[in-house]
Amino acid sequence: MKRAIILAVFILVLQPTKGASHSGPHATVTCNADHTVNISISNVDDAGEWVPNEWTTKTGYAECEPTIGADTVTYGNLPLPNCTLESNQNATHITYILRINAEKSDPGGTGQLRAYDHKYYVTCTYNNTGSATASFVPIKNRVDNDTADGEFTFSLNAFTDAAHTVPVTGPLDLNVDIYFKAEVTTQSSAPNLDLYPVSCNSSKSYDPDSTDGRFTLITNGCGSDGVSEDLSDTLLYNCTDDSITETFSLKTYRYFGAAEGATVYIHCDLRVCLADGANTACECPDDAASCVGVPSTDVSRRRRRSVYDSVDESRLHHVVSGPFTFKQKQPNEDEAASKNQEETSQSFQTVAIVGAVCGVVAVAIICATVYLVIRRRNKHTQNGDLHVVT
């Protein structure tokens with residue numbers, strides 16, 4: 001049995017925005033197998049207003065500082081955990097949390113600033129299976145933010161059991177249930193949260209923008225048969241209001257024509273809102289079967305977000321689970337027993353045939369011997385060689 005192909009590097013691309021008048025940075029995060037991280041933040045239009053130590057992930061450590069270009073901020077191979085805010089380890093995984101907090105001090109006088117406050121949280125999670133996940137979470141800038149903003153970590157993990165206790169650790173059989181759990185957690189005192197799947201899809205690639213093998217599983221909190229493109233409608237999903245987790249399951253599959261060892265990835269774009277709020281952008285459809293009343297399309301249901309809210313409902317956060325590989329078909333015990341029985345039967349038939357042939361040959365030899373003896377005696381009689389007892 002060949003071992004599973006495990007992804008050693010995970011790349012996450014997001015395009016967050018800061019407001020209508022500012023296009024916002026684009027971020028790429030790569031969690032490397034050697035427990036270093038590369039972070040590239042582009043479209044930073046106020047980059048010229050900053051120096052590297054203002055963007056450090058850990059004060060006083062030069063190795064944790066970026067290089068700043070015309071409109072980019074780039075961190076190369078930051079060592080983990082040296083450059084982290086904190087790291088959390090348990091029996092199944094370790095998570096590194098980095099904080100980027102580029103914040104200008106009060107300049108005095110008129111108090112005018114020519115730069116945004118840049119606040120981001122980056123996480124890298126390494127599972128014992130050898131896979132890695134990442135997240136990049138932008139926190140709102142000073143003009144519409146308060147100090148109560150939380151740090152969010154998003155995850156999408158796969159399990160072999162419905163209780164979500166046994167992680168997928170190797171190649172899977174085809175056509176068996178696999179269970180997914182999406183979750184948002186916070187390290188701060190932020191209020192209760194509500195997680196909402198804006199979209200989930202399958203792909204052959206870890207690249208969230210790839211269309212290779214892409215098909216829809218969940219759209220706007222709905223995974224009904226009319227929405228999901230899952231063959232045979234094996235997807236099971238029920239949207240949950242006011243919960244930090246969302247779960248779904250489906251039967252495992254492979255892509256037609258895929259080579260041995262080919263992979264499957266599950267991608268989700270998630271939104272987070274405050275729980276227990278009225279008419280948020282994270283409310284489940286009124287009817288899960290028909291998917292009516294979807295908050296992201298039903299504007300009348302959405303409330304105006306308070307400036308005191310610590311969550312920006314317009315932000316989407318991308319997570320991916322995988323890669324998943326599948327076992328090559330092996331004969332089962334019944335097939336093996338049947339094959340052995342067939343081989344035994346064929347061997348018996350061969351022995352029987354050989355025995356029959358040998359029997360015929362033996363009879364022929366005996367008959368020939370008797371014939372020759374009788375013939376010889378007849379010749380002796382004809383020549384007068386008759387012995388008379390006296």
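Is Cys-83 buried or exposed, and what is its relative accessible area? Cys-83 is buried, with a relative accessible area of 0%, where buried stands for under 20% relative accessible area, exposed for over 50% and partly exposed for what lies in between, computed with a 1.4 Å probe on protein chains only.

The model is predicted, and local features therefore need pLDDT of at least 70 while side-chain atom pairs count only at pLDDT 80 or more, although totals for chains, interfaces and linings use all residues. Residues are numbered from 1 along each chain as its sequence is written, and side-chain values use heavy atoms, with hydrogens and water left out.

**Disulfides**

The structure holds five disulfides, a disulfide being a pair of cysteine sulfur atoms within 2.5 Å. Three of them are set out here, with the S to S distance and the torsion about the S-S bond.

| Pair | S to S distance | Torsion about S-S |
|---|---|---|
| Cys-31 and Cys-124 | 2.0 Å | -80° |
| Cys-64 and Cys-83 | 2.0 Å | -85° (about) |
| Cys-239 and Cys-284 | 2.0 Å | -75° |

The link of Cys-31 and Cys-124 is left-handed, and since Cys-31 belongs to strand E2 (residues 26-31) and Cys-124 to strand E8 (residues 118-127), this pair ties together parts that are 93 residues apart in sequence. Helices (H or I, at least four residues) and strands (E, at least two) are DSSP runs, numbered from the N terminus. Cys-31 is buried at a relative accessible area of 0%, and Cys-124 is likewise buried at 0%.

The disulfide of Cys-64 and Cys-83 is left-handed because the torsion about its S-S bond is about -85°. Cys-64 sits in the loop between strand E3 (36-42) and strand E4 (67-68), whereas Cys-83 sits in the loop between strand E5 (73-79) and strand E6 (86-89), so that the pair links distant parts of the chain, 19 residues apart. Cys-64 counts as buried, with 0% relative accessibility.

The link of Cys-239 and Cys-284 is left-handed as well. Cys-284 is buried, its relative accessible area being 7%.

**Nonpolar cores**

In soluble globular proteins, nonpolar side chains tend to be buried together. A nonpolar core is here a set of buried Ala, Val, Leu, Ile, Met, Phe, Trp, Tyr and Cys residues joined through side-chain atoms within 4.5 Å. The largest such core has 33 residues, of which Phe-154, Phe-180, Phe-248 and Phe-324 touch the most other members. Among the elements that give two or more residues to this core are strand E10 (152-159), strand E11 (177-186), strand E15 (245-251) and strand E16 (264-274), and E16 supplies the largest share, six residues. Apart from this core lies another, of 29 residues, among them Ile-39, Ala-47, Val-73 and Cys-124.

Leaving aside neighbours within four places in sequence, Phe-180 is in contact (heavy atoms within 4.5 Å) with residues including Leu-156, His-164, Phe-248, Ile-266 and Phe-324.

**Aromatic pairs and a charge over a ring**

The structure holds nine aromatic pairs, in which rings of Phe, Tyr and Trp (its six-membered ring) have centres within 6.5 Å, with planes under 30 degrees apart counted as stacked, over 60 as edge-to-face and the rest as tilted. Trp-50 and Trp-55 form an edge-to-face pair, 5.9 Å centre to centre and with 85° between the planes; Trp-50 counts as buried at 6% relative accessibility, and Trp-55 counts as buried at 0%. The rings of Phe-180 and Phe-248 have their centres 5.1 Å apart and their planes at 20°, so this pair is stacked. Phe-180 lies in strand E11 and Phe-248 in strand E15, so the pair ties together parts that are 68 residues apart in sequence. Both residues count as buried, Phe-180 at 1% relative accessibility and Phe-248 at 5%.

Ring pairs also link Trp-50, Trp-55 and Tyr-120 into a cluster. The charged end of Lys-58 sits over the ring of Tyr-61, 5.1 Å from its centre, the criterion being NZ of Lys or CZ of Arg within 6 Å of the ring centre and within 35 degrees of the ring normal.

**An open sheet**

Four strands form an open sheet in the order E10-E11-E15-E14, with antiparallel pairing, where two strands pair if DSSP finds at least two bridges between them. E10 and E14 stand at the edges, each with a single partner strand, so one side of each is left without a neighbour in the sheet. E14 and E15 run antiparallel and are joined by two bridges, and Tyr-237 stands opposite Phe-248 in E15.
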